[in-house]
Amino acid sequence: MEVANPPKRKRDSAAALDGDIDLSLLEAVEKSQSTVDVLDIRTLKKLVLSFERRLKENIEARLKYPNQPERFADSEVDLHDDLQKLKILAGAPELYPDLVNLNAIPSILNLLSHENTDIAIDVVQLLQDLTDEDVLDDNDEPASILVESLIENNVLELLVQSLQRLSETDPDEMAATYTTLATIENLIEVKPAVAELVCERTKLLRWLLGKIKIREFDSNKQYASEILAILLQNSTANQKRLGQMNGVDVVLQAVAMYKSKDPKSADEEEMLENLFDCLCCLLMPLENKERFVKAEGVELMIIIMKQKKSAYGSAIRALDFAMTKYPPACERFVDVLGLKTAFAAFMGKILVNKKNKRERYQEELEERLISLIASLFGGILRGSRRERLLSKFVENECEKIDRLMELYMRYSDRVKAESQRMDQLELDDFEMDEEERYNRKLESGLYTLQLIAVLLGHLWCSEHPQMRARIDLLLKQQKLCRKDVKDILQEYHDNIGDLDGPEEKERAQGRIQKFISAL
């Protein structure tokens, strides 16, 4: 079970907030054209020397006339102009190591704390331009040297402090917020370890939580949700850290705003998907599953499913994550009458609107629902809840078993087609080892087929005569027998990994062996 990585945002600049082009970059080009003929080390030294001089003049003017802004205003205009000129370096990333060696980085970063917010904003824009992914493509080593120097000189702490002082009402400062987030994303792109570093060293997670709490939608809230998803997607430490900060509850409150309404735009829809990505990442550590159940997350997801709004599929995905290897969530799901809602979806009574008419959307829902029902069977092993779960497969003349076999045939055909395709490739001298063959089969739907076989194993082990008779009849109609199901289970058994430790692997294999023996 994986969380889809949030899609990479297409952005030209902070000015994406209002759709304009980045005028500051044009300004930098215009200003530099008169002074920069060829961008080389000599020109770089000139630019840095001029910048250091302007910085010194500004510091001296502010110290000399602290209460007379008109006396240091000119020096700030000059400093602004020189920061704009430095932007031209984005056109020559091969000079980044020289920029670092000239010791310009500390001076530039210190300006993030400048009393004049406009100067701090200039620096944020400069950093975003220098670290832009388009600039750094094919320049891995210079990019790495620059980012290492930025981090050593506390760029993460300074950027987040800068975020905290930016206004949420001033358009320029809102644009700077966006640019700051873009810079943090760029730094993570170059050095993935930044994702955990920035959460260890700063209050960024708390700031992001505060941002997604706000009811009103804007592009900064959308971007905050995306950055949060990026920080959580590959980091157990960040998932646990956010859980301890009441993050599960905050994300649930944020998605609850859409329990009975749809997002009003494509951007707002993307934000909602980002929030569900955050929720699913948060639900990886066991302690966060517990927080989810306590915060009535199971109930909220069922309400969202019943409302049949655009978050319908995302709610099923979140429940799947919550119930995987966590029996208390499975028990709560049954207790709050979730079975009726889940099995209505399982039977194909799925919301269809413009967004999800796509065939792949329907398949994703089916796969999630099969995984969710498999989690229920794995988490509820006995008692009245187990009986209620099993009874769903008997009602209406075993229609759920009919549906299960329909899905079994579809996924079985797909896996067979992939196997035949690989056989043909091998005939054409395309070498493939067993692991690669197995992974390709998984991608074509083998994992879902294995879960369906596991569900058939659970039903068979219930020893219910009506269910057993139905399974046998349906297999016979398809010219199959129980051995075909056993073969799928055997392959599943043989490929269970030890990611959760050798003892858990042994237990999981024991459960599958029980089904194989019973069949």
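**Overall architecture and an aromatic cluster**

Among contacts in the protein between residues at least 6 apart in sequence, 76% join residues at least 24 apart, a contact being heavy atoms within 4.5 Å. The structure is a predicted model, in which local features need pLDDT of at least 70, side-chain atom pairs count only at pLDDT 80 or more, and totals for chains, interfaces and linings use all residues. Residues are numbered from 1 along each chain as its sequence is written, and side-chain values use heavy atoms, with hydrogens and water left out.

The protein has 28 helices and zero strands; these elements are DSSP runs numbered from the N terminus (helices: H or I, at least four residues; strands: E, at least two). Along the principal axes, the C-alpha atoms fill a box of roughly 95 × 55 × 45 Å. Of the 519 residues, 53% count as buried (buried: under 20% relative accessible area, with a 1.4 Å probe and protein chains only). The accessible surface comes to about 24900 Å², and 47% of this belongs to carbon and sulfur atoms.

Leaving aside residues up to four places away in sequence, Phe333 touches Val298, Ile302, Leu319, Met323, Gly338, Leu339, Ala342, Leu372 and Leu376.

A search of the whole structure finds four aromatic pairs. Rings of Phe, Tyr and Trp (its six-membered ring) pair if their centres lie within 6.5 Å; planes under 30 degrees apart count as stacked, over 60 as edge-to-face and the rest as tilted. The rings of Phe343 and Phe393 have centres 5.4 Å apart and planes at 90°, so this pair is edge-to-face. Because Phe343 lies in helix α21 (residues 338-346) and Phe393 in the loop between α23 (383-391) and α24 (395-427), the pair ties together parts that are 50 residues apart in sequence. Both Phe343 and Phe393 are buried.

Phe393 also pairs with Phe377: the ring centres are 5.8 Å apart and the planes at 50°, so this second pair is tilted. Phe377 belongs to helix α22 (residues 359-379), and the pair links distant parts of the chain, 16 residues apart. Phe377 is buried, with a relative accessible area of 0%, and Phe393 is likewise buried, at 0%. Ring pairs link Phe343, Phe346, Phe377 and Phe393 into a cluster.

Definitions and conventions:
Buried < 20%, exposed > 50% of the residue type's maximum accessible area, 1.4 Å probe, protein only. Areas by Shrake-Rupley, 256 points an atom, 1.4 Å probe, with all protein chains shown as cover.
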